[in-house]
Amino acid sequence: MQTQTTPITRTVDARGSYCPGPLMELIRSIREGQVGDVIAVWSSDAGSKLDIPKWIEKAGHRLIGIETREGYDEILVEKLR
Amino acid sequence: MQRVVILGGGVGGTLVANLLVRKLRRQIDRHEATVTLVDEKGQHVYQPGFMYIAMGGEKAERLSRPERSLLDDRVILDVARAVKIDEASSRVDLEDGRHLEYDQLVIATGSRIVPEEIEHFDTEAHHFYSPTAALRLREALDAFTGGKVVIGIAGMPYKCPPAPLEVAFLVESELRERGLREKSEMHYCSPIGRAFTIESVSEMATPILEEKGIELHTFFNVETIDPARKVVQSLEGEEMPYDLLILVPPHRGAEVVIDSGLAPASGWLPTDHHTLQVGGRANVYALGDATDLPLSKAGSTAHFEAPIVAERITAAVQGREPEGKHASYTGKVMCFFEVGDGKGTLLQFDYNNPPKPPKPNRFWHLGKIVFNKTYWHTVPKGRV
């Protein structure tokens, strides 16, 4: 699996946070990061699987993948600009 | 002796103080307990009124009263600035060099705006999060003769989540009444994928935006302002030209909680959803804007949290378990929402039940006006 081999630069643990908390945490991480960074967002909010990919597309970054873990989703994003 | 120290004289701090001295009346009269409220200015400010300085003829002097006048005589008011919470010594250090020791601590230090985090914000953008800024916005609206109005949010979370939408609706109504609507474009920029964080409120507000011809731009996170070209730029790479720019400024929690190591750089205190204790500490509570709870930063939140903090501290002082309906917080919040043209609606929700706003009507607009006028006699004194 691609997501299992991608080196993660930073993990944002937003579990327990409700929409738009996980997205806002990702945005903060993108602002602070460097081009090429891979950010893993952990979210237990079901809305994140929909909201975050839409934001990634609009903001011009790359969605590497979404993995369902135990009780949460891991969304992997590469900062492209 | 049990010493309760409350930091902050806003809605949350004031109400907790007044509720506590009632519940602990016997212990206070026997000199077994004290309740001290520390407030930097000794003035209580009704912040929801700021928007009406810009939009409804409100005056700043009507929105502020001496904190002492709102407190029960049993509450000790200490007008001072808290600079550090020293957990190891269970004391609060004050700027004037004094220290206050506590057995129970309530942090109700609210939030602060930090427009300086975005370059050119102060000179280019208008807002309504202080009386001065709201008055400046009023003057800008008076001078406005048509053009592009851009309303957006330059950082989340922020105080009173419906406020920017309310301002968009109220500005639109005003421009229509002044015959300037045809000469104006209106744009509403939301940082997330819809008009409002709560889905049901978004579903109510989006058709109103459409009906009023206010263009909605989603995923617009304000990054920079270019004053030379009069454009606001988003993190997502979009640009929005403006003639009148109205932005909610970025917000942070109080410096004292960051400096004391109780909160991260954002300043929002890690707070238990139900007990309102901070970071698992048994004797430190937070309420109102100061917390990191997934709820509106609004006086209403503090209003409904205060009885829980008061009950839990009373139980600790009296050596019993918290009891009754105020033993645990359910996330209850209730607030009015203006939609313009003299109409409003009501948002009422908790952690498990999203709001189901009724169809906007004149009743809820009047409700908000009456609430604003009667606030001083009701909320801080625990009468509602």
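Predicted model: local features only at pLDDT ≥ 70, side-chain atom pairs only at ≥ 80, totals over all residues.
Domain 1 of chain B comprises residues 2–110 together with 254–333, whereas domain 2 of chain B covers residues 116–249. Where the two domains of chain B meet, 13 residues of domain 1 are in contact with 17 residues of domain 2. The side contributed by domain 1 of chain B consists of nine nonpolar, two polar and two charged residues.

Helix α7 of chain B runs over residues 199–211 and has 13 residues. From the first C-alpha of α7(B) to the last, the helix reaches 19 Å, close to the 18 Å expected at 1.5 Å a residue. Its buried residues are Val201(B), Met204(B), Ala205(B), Ile208(B) and Leu209(B). These buried residues of α7(B) pack against one helix segment, α6 (163–177), and against the strands β13 (184–189), β14 (214–217), β21 (333–340) and β22 (343–349), each of chain B. After α7(B) comes Gly213(B), which has a positive phi, near 70°.

The contact between the chains remains to be described. Chain A supplies 15 residues to this contact, and chain B supplies ten residues. On the side of chain A that touches chain B, the elements giving two or more residues are α2 (21–32) and α3 (48–59) of chain A. Sorted by class, that side of chain A holds eight nonpolar, three polar and four charged residues.

Definitions and conventions:
Residues numbered from 1 in each chain as written. Chains lettered and ligands numbered in written order. Helix = DSSP H or I, 4+ residues; strand = E, 2+ residues; numbered from the N terminus. Expected span 1.5 Å × (residues − 1). Buried ≥ 20, exposed ≤ 12 C-beta atoms within 10 Å, placed from the backbone. Contact = placed C-beta atoms within 7 Å. Nonpolar A, V, L, I, M, F, W, Y, C, P; charged D, E, K, R; others polar. Domains from an automatic or database assignment.
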